[in-house]
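Me: I am new to this structure and would like to learn how to read it. Could we take the features in turn?

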Amino acid sequence: MDLEPESMKPVINRLKRAQGQIAGVIRLLEEGADCRSAVTQLAAASKAVDRAGFAIIATGLDECMAQGNEPEVRKDLEKLFMSLS
């Protein structure tokens, strides 16, 4: 099942922010920053990636239901959702 690019804009933005946070963690580690700052940024990036994954699954489920796709598609999306937990 394909996702509409327009519906993925918020997810893409979230992932770009996470990408920036990860770059910040790398910079902090290269500069010898304290571990608290690095771990805080890494936790924020991890949470952003997790939320992006959940948003993709939720959007896929919405589109699946709206289009009346087969139950197998819904089951595949449920498995993907569970892989994120």
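Predicted model: local features only at pLDDT ≥ 70, side-chain atom pairs only at ≥ 80, totals over all residues.

Me: Which residues form the salt bridge, and how far apart are the closest N and O atoms?

Reply: A salt bridge pairs a side-chain nitrogen of Lys or Arg with a carboxyl oxygen of Asp or Glu within 4 Å. Here the partners are Glu6 and Lys9, with 3.5 Å between the closest N and O atoms.

Me: How many helices and strands does the protein chain have?

Reply: There are three helices and zero strands in the protein chain. Along the sequence the pattern reads α-α-α. The radius of gyration is 16 Å, well over the 12 Å that the globule rule gives for 85 residues, so the chain is more spread out than a compact globule.

Me: What does the C-alpha trace span along its principal axes?

Reply: The spans are about 55 × 25 × 15 Å. As for burial, 20% of the 85 residues are buried. The accessible surface of the chain comes to about 6,200 Å², and carbon and sulfur atoms hold 58% of that surface.

Me: What share of the contacts joins residues 24 or more positions apart?

Reply: Among contacts with a separation of 6 or more, the share is 64%. Two C-alpha distances can be read alongside this. Ser46 and Lys16 are 30 residues apart in sequence, and their C-alpha atoms are 12 Å apart in space. Arg74 and Asp62 are twelve residues apart along the chain, with 9.9 Å between their C-alpha atoms.

Me: Where do Ser46 and Arg74 lie?

Reply: Ser46 is in helix α2, which covers residues 35–67. Its relative accessible area is 39%, so Ser46 is partly exposed. Arg74 belongs to helix α3 and, with a relative accessible area of 35%, is partly exposed.

Me: Which residues are buried in α1?

Reply: First, the general idea. An α-helix has 3.6 residues a turn, so residues three or four places apart point the same way. In α1 the buried residues are Val11, Ala18, Gly24, Val25 and Leu28.

Me: Which residues form the nonpolar patch on the surface?

Reply: Residues in such a patch have over 30% relative accessible area, and nonpolar side chains are joined within 5 Å. The patch here consists of Phe54, Phe81, Met82 and Leu84, which together have about 350 Å² of accessible area. Helix α3, residues 71–84, gives the most to the patch, with three residues.

Me: How does Leu84 count, buried or exposed or partly exposed?

Reply: Leu84 sits in helix α3. Its relative accessibility is 32%, so Leu84 counts as partly exposed.

Terms used. Residues numbered from 1 in each chain as written. Heavy atoms only, no water. Patch = residues over 30% accessible without salt bridge, like charges linked within 9 Å, V, L, I, M, F, W, Y side chains within 5 Å. Areas by Shrake-Rupley, 256 points an atom, 1.4 Å probe, with all protein chains shown as cover. Helix = DSSP H or I, 4+ residues; strand = E, 2+ residues; numbered from the N terminus. Buried < 20%, exposed > 50% of the residue type's maximum accessible area, 1.4 Å probe, protein only. Rg over C-alpha atoms; globule rule 2.2 N^0.38 Å. Contact = heavy atoms within 4.5 Å.
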